[in-house]
Amino acid sequence: MKNFAKHLPHYLALFGVLIIGALAFYLFSYDRSFQTAVAIAVAIAYVAWGTVHHSIHRDLHLAVFIEYLLVAALGLVIIFSLIFRT
Amino acid sequence: MMKLFGQLAHLFFPRESNNHKAKILHPSSLVILTFALIFYQVILAFLPQYGPRVLGYAANISADEVIRLTNEKRVAVGLAPLQLNPTLSQAAQAKGVDMLNKDYWAHTAPDGTQPWKFFIDFGYKYRYAGENLARDFSNASSAVDAWMASSSHKENMLSSKYKEIGIGVVEGDLAGVDTTIIVQFFGSTYADTVPISPVAKVAPKVIPSPKPIVLATPQPTAPPTPISRVLISPFNSTKGISLATVGLLLGVLVVDGVVTSRRRIVRIGGRTFAHLAFLGMILAIALILKAGQII
């Protein structure tokens, strides 16, 4: 919690990106190509956010980068599997 | 029993055995989860070809309801409601049957047959014609809402050029999956409109037949026999598994965050809040997405 309060601007930026991503899915429902592009963009932004945030915090390690990458990949697989089943 | 409890704790709770991080949050577990989800999609893709035919979308759609909802949308924007034309409905039904028989999901058939051929074959001398298609929807309302959410389909539904409507609802096997296709034909004849130079109003990316010629009225052939028992909906099962996976990870992350914060555990890893936010967005998207395709 202490860390969260300390890096509030970082988290606000991340929440902004994620909320815009979710809203885009809602507003452009049934537009597969747009949703695909949004999903990829948000996943990349998430990994980039993690890299920049940890870099500033001076605790960026390969394991941390891989963790963000894997969480993003898992999210993308879930979204893609749903988009292409609709 | 204690052994099982220990294994579950190792999987979901931060403790010494998992280096103070729930095992399911370790990179190796995330890789396994990702590949398990991909593997499920592979099963769904190959099941129609090699396994029992159990995939399908249950639907309860009536043509009358589609027309009623379409006219409701038109009246709401001040347009005249469309009149049901039985010839257009026959043509729409024939288009749906053609899609099932030739196993395609498109405005134009693989052999190049345009939607307008069905108008002409059934003797509908159109001045303007349009087509909307929908599949995999569970009810008429969600299909109409999906069309209204797409600008090109909405344009068809709310066009003042059309005076008549015909709906075909066919159920059958499309690419190994039992589904319901809705074909929505719009039209107006020369008698309906002021005679100016003929231009066919077309659905997206479809070119109308330039010279409508009335041929003998064909009867729609019977669609392939639908699968008698639908056991698994590809979309709903994927959604269920996705929600369960994300829900589980969110729960474990919350516990992990609380425990590591209270115990003041310092470790190298991603931010729990960031992972929670990202997976929260994935959960929201999974809840937003609904079954059904339109073209």
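**Notes on chain B of the predicted model**

1. Let's start with the strands. In this predicted model, strand β2 (residues 126-135) of chain B lies antiparallel to β4(B), and nine bridges join the pair. One residue pair to look up is B:Ala134, which sits opposite B:Ile182 of β4(B).

2. β4(B) has another antiparallel partner in strand β3 (residues 164-174) of chain B, this time through eleven bridges. Here B:Ile167 is bridged to B:Gln184 in β4(B). The hairpin formed by β3(B) and β4(B) leaves two residues between the strands, and B:Ala175 in that hairpin has a positive phi near 55°.

3. How much of β4(B) is buried? Twelve of the 13 residues in this strand (residues 177-189) are, so to speak, mostly under cover.

4. Now for the contact with chain A. Chain B puts in 41 residues and chain A 35 residues. On the chain B side, the elements giving two or more residues are α2 (27-50), α6 (140-149), α8 (234-262), α9 and β5. The top contributor is α9(B), with twelve residues. Sorted by class, this side of chain B holds 26 nonpolar, twelve polar and three charged residues.

5. A word on confidence. The model has an ipTM of 0.94 and a pTM of 0.74. Chain B averages a pLDDT of 83, with 84% of its residues at 70 or more. Go carefully with residues 195-202 of chain B, where pLDDT stays under 50 and the model has 15 contacts beyond four places in sequence. Residues 204-217 of chain B are also below 50, with 28 contacts beyond near neighbours in sequence.

Note on methods. Residues numbered from 1 in each chain as written. Chains lettered and ligands numbered in written order. Predicted model: local features only at pLDDT ≥ 70, side-chain atom pairs only at ≥ 80, totals over all residues. pLDDT = per-residue confidence, 0-100. Contact = placed C-beta atoms within 7 Å. Helix = DSSP H or I, 4+ residues; strand = E, 2+ residues; numbered from the N terminus. Nonpolar A, V, L, I, M, F, W, Y, C, P; charged D, E, K, R; others polar. Buried ≥ 20, exposed ≤ 12 C-beta atoms within 10 Å, placed from the backbone. Pairing = 2+ DSSP bridges.
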